[in-house]
Amino acid sequence: MDTQQTDGTPILDVQELGKSYDGAAGVARILDGVTFAVRPGEFVCVVGPSGSGKTTLLKCIAGLIAPTRGRTLFEGEEVTEPPAKLSVVFQDYSRSLLPWKTIEKNVELPLRKQRFPAAERAERIRSALANVGLDGKGHLYPWEMSGGMQQRAAIARGLAYEPDVLIMDEPFAAVDAQTRIELEDLVLEMSRRLGMTVLFVTHDIDEAVYMGDRVVVLSGAPAKVERDIDVDLPGERDQVSTKQLPRFGQLRAEVFDLIQRAKRPVTQNVGAVRA
Ligand SMILES: Nc1ncnc2c1ncn2[C@@H]1O[C@H](COP(=O)(O)OP(=O)(O)OP(=O)(O)O)[C@@H](O)[C@H]1O
């Protein structure tokens, strides 16, 4: 699909991103000319073989590491540092939440750094916690909460910035299957309600097809965009009826097949890096 055929400027425009890491064994090329665009309000999932560079890609897009070549435009501006209107939620909530601070204080932390006045901080915390279904739970410490609640809190912290784009790196990998389903629906509903653009990395093919408006499939060794798939399923998703649609099965098989084919070169690449 030509992602440049948009009604307006893409909110994220990833242009020919390349990234190499220097290691003891030499230079490992991880990304090579990754190009895709995300329109405002879209939910785009990124999948690819394990170790193909998905996290590296998100970090480059979010301005957390510098690409070796290429660039990302966020709202038309080149990303050279983490943009204020772009939040990242990582997989490991147990490491991203500070255990000695309450959930409220955890959510407040980045707002303090950004020097928001106290009244605005309080309102943003209240609204972010409400958005993830944690109203009235702000006084709890992370260790008093289930894994799913902690990940909701980590999402609330990302939301408190009121970002235009939320980047999520395997956000549900560490929670049980039932919680995962609940969080998938929570994030889908929230992104629609808030009109937020989401870039979402997952290992889970069903999750990618269920949640995405598009699925960007990365190849491996080094990674580039193998396929950019338009998920032509009805907009309203439902865990049972959407997954029963024949089209869901076809899309799932297409993504699965692409990842299987991409796997072999990745193994070779990892071997080359470690050799
Ligand atoms: N800071 C670093 N220095 C050197 N190599 C790195 C660094 N970060 C990642 N790598 C290597 O880059 C490759 C891609 O890693 P990355 O975590 O981006 O992949 P991924 O697709 O997100 O992996 P996974 O599917 O396991 O989550 C791996 O071989 C990894 O070992």
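**Group meeting: a walk through a predicted structure**

Good morning. Contact here means that the C-beta atoms of two residues, placed from the backbone, lie within 7 Å. Please keep in mind that this is a predicted model, in which local features need pLDDT of at least 70 and side-chain atom pairs count only at pLDDT 80 or more, while totals for chains, interfaces and linings use all residues. Residues are numbered from 1 along each chain as its sequence is written.

Where does Gln15 sit? Gln15 is found in strand S1. Helices (H or I, at least four residues) and strands (E, at least two) are DSSP runs, numbered from the N terminus. Gln15 counts as partly exposed, because it has 16 C-beta neighbours inside 10 Å. By definition, a residue is buried if 20 or more other C-beta atoms lie within 10 Å of its own, exposed if 12 or fewer, and partly exposed in between, with C-beta atoms placed from the backbone. Gly136 is 121 residues from Gln15 along the chain, and the C-alpha atoms of the two are separated by 43 Å.

Glu16 also lies in strand S1. Glu16 is not a glycine, yet its phi is positive, about 50°. Most residues other than glycine have a negative phi. With 14 C-beta neighbours inside 10 Å, Glu16 counts as partly exposed.

Let us turn to the sheet around S1. Four strands form an open sheet in the order S2-S1-S4-S5, and their pairing is antiparallel. S2 and strand S5 (77-78) stand at the edges with a single partner strand each, so one side of each has no neighbour in the sheet. Helix H1 packs on this sheet, touching S1, S2 and S4, and its direction makes about 120° with that of S1. Axes are lines fitted to C-alpha atoms, for helices over the stretch in contact, and angles run from 0 to 180 degrees between N-to-C directions. Two strands pair if DSSP finds at least two bridges between them. S1 and strand S4 (residues 69-74) pair in the antiparallel sense over 5 bridges, and the bridge partner of Gln15 in S4 is Arg71.

Next comes the ligand. Which residues are closest to it? Of the 14 residues that surround the ligand, the closest are Tyr21, Ser50, Lys54, Thr55 and Thr56. A residue is near a molecule or strand if its C-beta atom, placed from the backbone, lies within 6 Å of it. Strand S1 (12-23), strand S2 (26-38), helix H1 (54-61) and helix H9 (246-274) each supply at least two residues of this shell. The largest share, 3 residues, comes from H1. The shell divides into 5 nonpolar, 8 polar and 1 charged residues. Here Ala, Val, Leu, Ile, Met, Phe, Trp, Tyr, Cys and Pro count as nonpolar, Asp, Glu, Lys and Arg as charged, and the others, Gly among them, as polar.

There is another sheet to consider. Its 6 strands form an open sheet in the order S6-S7-S8-S3-S9-S10, with mixed pairing. Strand S6 (86-89) and strand S10 (225-230) stand at the edges, each with a single partner strand, so one side of each is left without a neighbour in the sheet. On average, neighbouring strands of this sheet are turned by 15° against each other, direction ignored. S6 pairs with strand S7 (residues 165-169) in the parallel sense over 4 bridges. Across this pairing, Leu86 stands opposite Val165, and Ser87 stands opposite Leu166. Helix H5 (residues 147-160) packs on the sheet, touching S6 and S7, and its direction makes about 170° with that of S6.

Are the faces of S6 buried or exposed? Both are covered: Leu86 and Val88 on one side, and Ser87 and Val89 on the other, are all buried.

Helix H3 (residues 103-113) has buried residues too, among them Ile103, Val107 and Leu111. The buried residues of H3 pack against helix H4 (118-131) and H5.

I close with the whole chain. The protein chain has 9 helices and 10 strands, and buried residues make up 40% of its 275 residues. A compact globule of 275 residues would have a radius of gyration near 19 Å, and the chain, at 19 Å, agrees. That radius is taken over C-alpha atoms, and the globule rule is 2.2 Å times the number of residues to the power 0.38. Thank you.
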